[in-house]
There are 2 protein chains.
Amino acid sequence: MTDVEELPTPSVLVDVDVLAQNIERMQRLAREAGVALRPHAKTHKSPEVGRLQIEAGARGLTLAKTSEAEVFAALGFDDLFLGYPIFGADKARRLLALSDRVLLTVGADSVEGARSLGAVFAAAGRRLRVRMKVDTGLHRVGVLPEHAVRMAAGIAELPGVELVGVFTHGGQGYGAPTPEEVAKVGRHEGRVLAETAAALREAGLPAAEVSVGSTPTAASAMTSPGVTECRPGTYVYNDRSQVALGSCREADCAMSVLATVVSAPAADRAVVDAGSKTLSTDPMRPVDDGFGAVVGRRTRVARLSEEHGVLAVEPGERFRVGERVRILPNHACVVSNLHDELVAVRGERVEGRIRVAARGKVQ
Amino acid sequence: MTDVEELPTPSVLVDVDVLAQNIERMQRLAREAGVALRPHAKTHKSPEVGRLQIEAGARGLTLAKTSEAEVFAALGFDDLFLGYPIFGADKARRLLALSDRVLLTVGADSVEGARSLGAVFAAAGRRLRVRMKVDTGLHRVGVLPEHAVRMAAGIAELPGVELVGVFTHGGQGYGAPTPEEVAKVGRHEGRVLAETAAALREAGLPAAEVSVGSTPTAASAMTSPGVTECRPGTYVYNDRSQVALGSCREADCAMSVLATVVSAPAADRAVVDAGSKTLSTDPMRPVDDGFGAVVGRRTRVARLSEEHGVLAVEPGERFRVGERVRILPNHACVVSNLHDELVAVRGERVEGRIRVAARGKVQ
């Protein structure tokens, strides 16, 4: 099979030239800012794409779950950060096994959580590298800056734990109404985290690693003085939300979904064979606007059921049964996670497959 | 591993006693109504669960996509209906291969679509069994009742096609505000489809198979005179939306998600390790109300990111880091599709695994 035209639908396409440009652009930003880049591999969950990021100069990869790290470690990746508050002895035993062959660092935002991991490492005569999560405005997980020194002291004194730094995620940038407001979130994210790290060091606590990250805020957060690392994820593929947020142009979106119009029952409605099990029901950010856009047309995917994408056909446009379209998805990271493999393309040529090796690894 | 307490989190649990009751209850309704039951296997995508449905008396299974049928055919299921408007010669060749070993029927709602399949069957000297989809109010796919005779005539005369009946899906029941309104949708669904079938027969067109279906409308639609088959899917597991719609009680929900509280950064906020890659972002029906409910508590999952479920902790409730909870998901069918296997449990005991064999089969 050599042409996109011959692919079964729906298929998730990744343009490898756009992918390479996205990887190089973010790496250049990090190089110019003088920070390490540690991409969040949740977006692709793929060894092929992760290797491109490492070859371009990334320090290592970021993941969330222990089972994701197990997949990437088995595939030869040797520097992994789990930016997630992992809990419990069972997970700790798996992390201990991983740390035999990987430079492993994990997140923590509670003394109880860090203690549950440290106890297992201490019993083995080892120490787990931990970065403390700081809440710089997303209000999801993380310690508030005003409580950071106290919690860091509690984590640092735990047996089996080596506190090595702090990290944050300025995810509130996804709700910012303009690119200027997104950049403001990024500057705040970088400044507050760097100040928190400085406060820890003043209190005699270790905080050498100061890590920010999200695709929209990456450029503005990584240039804050004191930041040492950035962890964007979505930039590698980009998506409709990143275009709306001003993170990229539509031409920078490497991922699209090839679909077939299977029904055209009314002038203002057509249905494609890509539903929520292909595109996901994730909303567009920063404002709701359907579930995807037809590339090169004004028509959007207005409703989704599991295997149906309902197009609200714009006046003057027409979709005939059997026609193939490409759809720009709202959120690339969850699209990857619905498929075992994506199709690597260069323009209209099929170049190969991208394995989503850590697909579904949530434990 | 024998206890739920020992499972890693997040894990998707299915209580096999509740599952058996759900299967038996729907089969009894169909038996009493004198119609065939052909459950939509999109909900479980699993041979183990499909076999339980067949053993209880189901006529066969319903699926949407060709690749789903290929999985179930390879596992020995021999009577499959693809309730979906499939298009094109490539898919038709796969359907032709399937029809060598399976009693196969597919949906169509356009002459162009049916022609694209029939051409391949005609060239092989075969005929594909086709049911025409009728739109009884969902306004997704399907021909409107007033155009049904004309389109059925166009489909029936195609080479390689054997028109055998009509089908519909009263999915608009998911938006009905009360159980009484849901039942009204079901009665309308059954009555309009039966009338459409009668009109076809009056015009000399074949319409012996008259198939309705959706979990909320099943009971009211299948009792309409003239209906011969019902295709509910979600009833097998049930979910929070079905409870809200009045289709079942919370005790009838076989599926729950076992999760761990990994962060409790504020009195009104706790975070579990089940995010949108475990629960999906599908909304609750018929009205939006978060992304899941904590079983036995008043607290709901108010926000989701990919690996975080943010609980909006109700006054008087408290969640501590490390605590395990069960979450009732909004939509069981998309939860199954995010996981390679579910865990079969009986109360607090682990009984085995349920393979989601057709997970991700969207083509």
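**Notebook: sheets, helices and the chain pair**

I started at strand β8 (residues 209-212) of chain A, which pairs with strand β9 (residues 229-230) of chain A in the parallel sense over two bridges. The model I am reading is a predicted one. I looked up one bridge between these strands and found A:Val212 partnered with A:Cys230 in β9(A).

Next I traced the sheet that holds this pair. In chain A, eight strands make an open sheet with parallel pairing, and I read the order as β2-β9-β8-β7-β6-β5-β4-β3. Which strands stand at the edges? I noted β2 (36-37) and β3 (61-63) of chain A there; each has a single partner strand, so one side of each lacks a neighbour in the sheet.

I then checked what lies across the sheet. Helix α5(A) lies across β4 (79-85), β5 (103-108), β6 (128-133) and β7 (161-167) of chain A. I noted its direction as about 175° to β6(A).

**Helix pair in chain A**

I looked at how α5(A) meets its helical partner. The axes of helix α4 (residues 89-98) and helix α5 (residues 111-123), both of chain A, come within 8 Å and cross at roughly 50°. I recorded the crossing as right-handed. On the α4(A) side the contact is made by A:Ala89, A:Ala92, A:Arg93, A:Leu95 and A:Leu96. On the α5(A) side I listed A:Ser116, A:Leu117, A:Ala119, A:Val120 and A:Phe121. By class, I have eight nonpolar residues, one polar and one charged in this contact.

**Strands β1, β16 and β17 of chain A**

I moved on to strand β1 (residues 11-15) of chain A, which pairs in the parallel sense with strand β16 (residues 341-346) of chain A over three bridges. Here A:Val14 stands opposite A:Ala344 in β16(A). I also found β16(A) paired with strand β17 (residues 349-355) of chain A, in the antiparallel sense and over six bridges. One bridge I looked up joins A:Val345 to A:Val350 in β17(A). How many residues lie between β16(A) and β17(A) in their hairpin? I found two, and A:Gly347 in the turn has a positive phi of about 60°.

**Chain B against chain A**

I laid chain B on chain A: a turn of 180° with a shift of 0.0 Å along the axis gives an RMSD of 0.0 Å. That is the relation of a two-fold axis. The same surface serves both copies, as 100% of the contact residues of chain B recur in chain A.

For the contact itself I noted 51 residues of chain B touching 51 residues of chain A. On the chain B side, the elements giving two or more residues are β4 (79-85), α5 (111-123), β10 (255-266), α10 (276-279) and α11 (332-336). The largest share, five residues, comes from β10(B). I sorted this side by class into 19 nonpolar, 20 polar and 12 charged residues.

Last, I checked the sheet of chain B. Its eight strands form an open sheet in the order β2-β9-β8-β7-β6-β5-β4-β3, with parallel pairing. I also noted that helix α7 (residues 179-202) of chain B lies across β7 and β8 of chain B and runs at about 160° to β8(B).

Conventions: Residues are numbered from 1 along each chain as its sequence is written. Chains are lettered from A and ligands numbered from 1 in the order in which they are written. This is a predicted model: local features need pLDDT of at least 70, side-chain atom pairs count only at pLDDT 80 or more; totals for chains, interfaces and linings use all residues. Axes are lines fitted to C-alpha atoms, for helices over the stretch in contact, and angles run from 0 to 180 degrees between N-to-C directions. Helices (H or I, at least four residues) and strands (E, at least two) are DSSP runs, numbered from the N terminus. A crossing is left-handed if the near helix is turned anticlockwise from the far one by less than a right angle, and right-handed if clockwise. Two residues are in contact if their C-beta atoms, placed from the backbone, lie within 7 Å. Ala, Val, Leu, Ile, Met, Phe, Trp, Tyr, Cys and Pro count as nonpolar, Asp, Glu, Lys and Arg as charged, and the others, Gly among them, as polar. Two strands pair if DSSP finds at least two bridges between them. Copies are superposed by least squares on the C-alpha atoms of residues with pLDDT of at least 70 in both.
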